[in-house]
Amino acid sequence: MATNNTTPESYSGTNAAEAPSKQQIFDVLSNERRRRVISALVSDESTTVSALSTELAAEENDCSPLELTSQQRKRLYISLYQSHLGKLAEIDVISYNEARGRVRRGDHFWAFADVLDVAINVCEAHDVGGAA
């Protein structure tokens, strides 16, 4: 996965000196699950992959976390683990400690969160529907 070294305290995502390109920002924000990860971390600086997958699965299935099936939760967890968290960590949107199952804001988090916020506001102002 995207972890840079194996100590339990280490987080992946170490390209802080290299700012993300516009293309990287657009690419990351083109995926709804990655947008939801970023949105979740706006209010919580750090969380577990388990809590994040539960929160996002509940949103996607339009139900409370208590109403989720284990399959719904597992499907989201696997998607985050196998695809999205690594991609976000590679360009420091998040820092991801795979060994501990923890995610926190990365060095470039706010660049992505700010663009996402502007996009959401523009869509709302122009009454554009669809997922956030």
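## Burial and basis

Buried means under 20% relative accessible area, exposed means over 50%, and partly exposed lies in between, with a 1.4 Å probe and protein chains only. By that scale Phe109 is buried, at 1% relative accessibility. Trp110 is partly exposed, with a relative accessible area of 40%.

The model is predicted: local features need pLDDT of at least 70, side-chain atom pairs count only at pLDDT 80 or more, and totals for chains, interfaces and linings use all residues. Residues are numbered from 1 along each chain as its sequence is written, and side-chain values use heavy atoms, with hydrogens and water left out.

## Aromatic pairs

A pair of aromatic rings is described by the distance of the centres and the angle of the planes. Rings of Phe, Tyr and Trp (its six-membered ring) pair if their centres lie within 6.5 Å; planes under 30 degrees apart count as stacked, over 60 as edge-to-face, and the rest as tilted. The structure holds 2 such pairs.

Tyr77 and Tyr81 are stacked, at 6.4 Å centre to centre and 10° between the planes. They sit 4 residues apart in helix 4 (residues 70-90), so about one helical turn separates them. Helices (H or I, at least four residues) and strands (E, at least two) are DSSP runs, numbered from the N terminus. Tyr77 is partly exposed at 36%. Tyr81 is partly exposed at 31%. Phe109 and Trp110 pair edge-to-face: 4.9 Å between centres, 85° between planes.

## Cysteines

How many disulfides does a search of the whole structure find? It finds 0. A disulfide is a pair of cysteine sulfur atoms within 2.5 Å. Cys63 is partly exposed at 21% relative accessible area. Cys123 is also partly exposed, at 30%.

The open sheet has 3 strands in the order 1-3-2, with antiparallel pairing. Two strands pair if DSSP finds at least two bridges between them. Strand 1 (46-48) and strand 2 (94-97) are the edges; each has a single partner strand, so one side of each lacks a neighbour in the sheet. From one strand to the next, the twist averages 20°. Axes are lines fitted to C-alpha atoms, for helices over the stretch in contact, and angles run from 0 to 180 degrees between N-to-C directions.

Strand 2 and strand 3 (residues 102-105) pair over 4 bridges. Asn97 has Arg102 in strand 3 as its bridge partner. Helix 3 (residues 49-60) packs on the sheet and touches strand 1, strand 2 and strand 3. Contact means heavy atoms within 4.5 Å. The direction of helix 3 makes about 85° with that of strand 1.
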